[in-house]
Amino acid sequence: MIEGIFIGLETAFSLKNLMMVMIGCFAGTIIGMLPGLGPMTAIALMIPITYGFEPSTGLILMAGVYYGAVFGGSTSSILINAPGIPGTVATSFDGYPMAQQGKAGKALAIAAYSSFAGGTIAAIFLLIAAPSLSKVSLAFRSPDYFGLMILGLTAVSAFSAKGHFLKAMMMVVLGLMLASVGQDTLSDIPRFTFQNMNLSDGISFVLVVMATFAMSEALTIIFKANDPTKVAKQISLSQLGSIKLDKEETKKMVTTIPRSSILGFIIGVLPGAGSTIASFLAYGMERNFVNDEEKQKFGKGSINGLAAPETANNAACSGSFVPLLTLGIPGSGTTAVMLGALLGFGIQPGPRLYQTNPEIFWSVIMSMYIGMVILLILNLPLIPYIARVLATPRTFLIPLILFFSVTGIYLMSFNNFDIYMMIGIAVIATILRLYDFPMPPLILAFVLGGLMEENLRRSLLISDGSWSFLWDRPLTLVIMFTIIMIVGWQIFKSFWKKKS
Amino acid sequence: MKISPSKIISLLFFIFSGFYLYTAHQIQVFTFDEDAAFNAKTFPIYLGYAGLVFSALYIILPETKPSNVDLKVLDYKKTITLVILMILYGLTILRIGYFLSTSIFLVLSYIVLGERKWIWIFILSFPFVAIFMYLLHGLLNIYLRDPFLQLIGVMG
């Protein structure tokens, strides 16, 4: 492990990779700060650029973008009460009241320190957990992987759909259907290509991500006639106040951070749960831990109330890399985008990544940490200036997002067909979003589609066409039981809610 | 009886799944693979059925959390115009080249969305695209087809 850490440090500390982390953190902060645009859009916009780099450099850039976008989301939550991503909604509960009291600088500093501390503790956990889990996951067989993928898809649908479980499951099926377009990997038989040569290689992952996130998010802002930057124009972004914390404030943070980090990391590892649930749970947990006097301050600018969700969401981000790096199964939409990018580089994450590509495995882990340090020392002092991005008029912002999306896909394929298909998918995604059909399950399913089919193929061939592989091994049985519990609970909840 | 838009979307998805299932059954597999435990059409067939089941469940079951969208506040005009502009952008990008088509797309999009600061419209279109092209073509060595720039001799 020590050797691996050194390999990771060597790769991550090369001048080129350090530059990439900095650029990633900076670009991610700016994109994540823009309300409505989250880490998935930020990473999606970066993918075409990363394909020109080595895999480790590309991944380092994306990891930087990811952390930058999460930090950017917190900034817009605190300054204008418009969370860039769901994971920073809980941040606004106490961050925004602090900003209204003239303590915006302090709130941003607490968010930055908490994120850093949460990320640091989680990175240590990741350092320990990832190699151990890699060894354990070598015992996983095709039926277990197939089961885990269904579990991941079901869990993401259950947790991210906000009460729209069936809609999320339809999106899962649609994602898998889109992934099935093109030649069959084993027999090369064309499927759903309708004799169109442009479809024979399947639908590009970048195209689907760009269409369902970047482009459709931009179209949704216009369609709903939202101007997310309007509020930002009304506040004075230059008067953020001091970013220095006194002893009492630091003391409060010191007690909150460790417990929120542990909670955040554990939630992050679970498939589908992610930073949103982690931040809400941490907020709730912290409220129960503090004394009555502090409890009264929750929702009115409590330091514990701000530090807890910020710590947890960053710890959850690190935690979400555990299933991605060790099992090759992403637990969230964002890590699904990262998996898609990895597959684009020709790298299959999983238990063997640790042995076959140690430089990637370790450099990503190390870069995450470097990214957090950069966020703290570079972004925090620059916040008053970066925050001006919040006031970028949507009249410029939207066309630029559309331009980057079209350019991204054009650079990859150099044909019009992909551009038209991207526009078509974006229009459909915009309508679906309008009626609360969630997009992360679609992306996750699209990325996992090929792997899922492959594992089902192996499982069915081994069991001679019998579905008994789903309950033959105790591990598969436990996974299937968990899936049934999640689906059953979601259906029961729907009926119970209706009746009550 | 009023049917919610989400149910209409589910109905459309049900029809789509039916079509997908029909097409999955039409996939030509090798003769020796016909009776195999798994062939090229096995997974798509399961997906077709899954699509039918989930969409049918949504149509049949009562909606616990209906999505309320006020159709009157939606900005159809700007959205449709932007989509048309993107289609035209896609149509012209290979014919007249990256520089002109992108710059014109940006200028028209800014105007459609109501921007009237002409200096910024100019800066964030032609010079911006030129710098972006230089970064891609000049520094990152990414080839960009541009008949217009080739015609005027700017690009080789």
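**Group meeting: the core and the A–B contact**

Okay, let's start in the middle: the largest nonpolar core has 200 residues, and I43(A), M210(A) and M422(A) are the ones with the most contacts inside it. By nonpolar core I mean a set of buried Ala, Val, Leu, Ile, Met, Phe, Trp, Tyr and Cys residues joined through C-beta atoms within 7 Å. Buried is 20 or more other C-beta atoms within 10 Å of a residue's own, exposed is 12 or fewer, partly exposed is in between, and the C-beta atoms are placed from the backbone.

Quick housekeeping. This is a predicted model, where local features need pLDDT of at least 70 and side-chain atom pairs count only at pLDDT 80 or more, while totals for chains, interfaces and linings use all residues. Residues are numbered from 1 along each chain as its sequence is written, with chains lettered from A and ligands numbered from 1 in the order in which they are written.

What does M210(A) touch, leaving out residues up to four places away in sequence? The answer is A44(A), M215(A), S405(A), G408(A), I409(A) and M422(A), where contact is C-beta atoms, placed from the backbone, within 7 Å.

Now the contact between the chains, which takes 52 residues from chain A and 56 from chain B. On the chain A side, helices 8 (165-179), 9 (205-223), 19, 20 (416-434), 21 (440-462) and 23 (474-499) each give two or more residues. Helix 19 gives the most, with 10 residues. By class, that side has 32 nonpolar, nine polar and 11 charged residues. For the classes, Ala, Val, Leu, Ile, Met, Phe, Trp, Tyr, Cys and Pro count as nonpolar, Asp, Glu, Lys and Arg as charged, and the others, Gly among them, as polar.

So let's zoom in on helix 19. Its axis comes within 9 Å of that of helix 4 of chain B (98-112), and the two cross at roughly 150 degrees. Axes are lines fitted to C-alpha atoms, for helices over the stretch in contact, with angles from 0 to 180 degrees between N-to-C directions. From helix 19 of chain A we get T395(A), F396(A), P399(A), L402(A) and F403(A), meeting T102(B), F105(B), L106(B), S109(B) and Y110(B) in helix 4 of chain B. That contact divides into seven nonpolar, three polar and no charged residues.

Last, a few single residues. F71(A) sits in helix 4 of chain A, and it counts as buried because 32 other C-beta atoms lie within 10 Å. Its C-alpha atom is 9.5 Å from that of M372(A), 301 residues apart along the chain.

Then two aspartates. D436(A), in the loop between helix 20 and helix 21 of chain A, has a positive phi of about 65 degrees although it is not a glycine. D464(A), in the loop between helix 21 and helix 22 of chain A, also isn't a glycine and has a positive phi of about 55 degrees. Buried, partly exposed or exposed, what are D436(A) and D464(A)? D436(A) is partly exposed, because it has 18 C-beta neighbours inside 10 Å, and D464(A) is exposed, with 9.

Technical notes:
Helix = DSSP H or I, 4+ residues; strand = E, 2+ residues; numbered from the N terminus. Contact = placed C-beta atoms within 7 Å.
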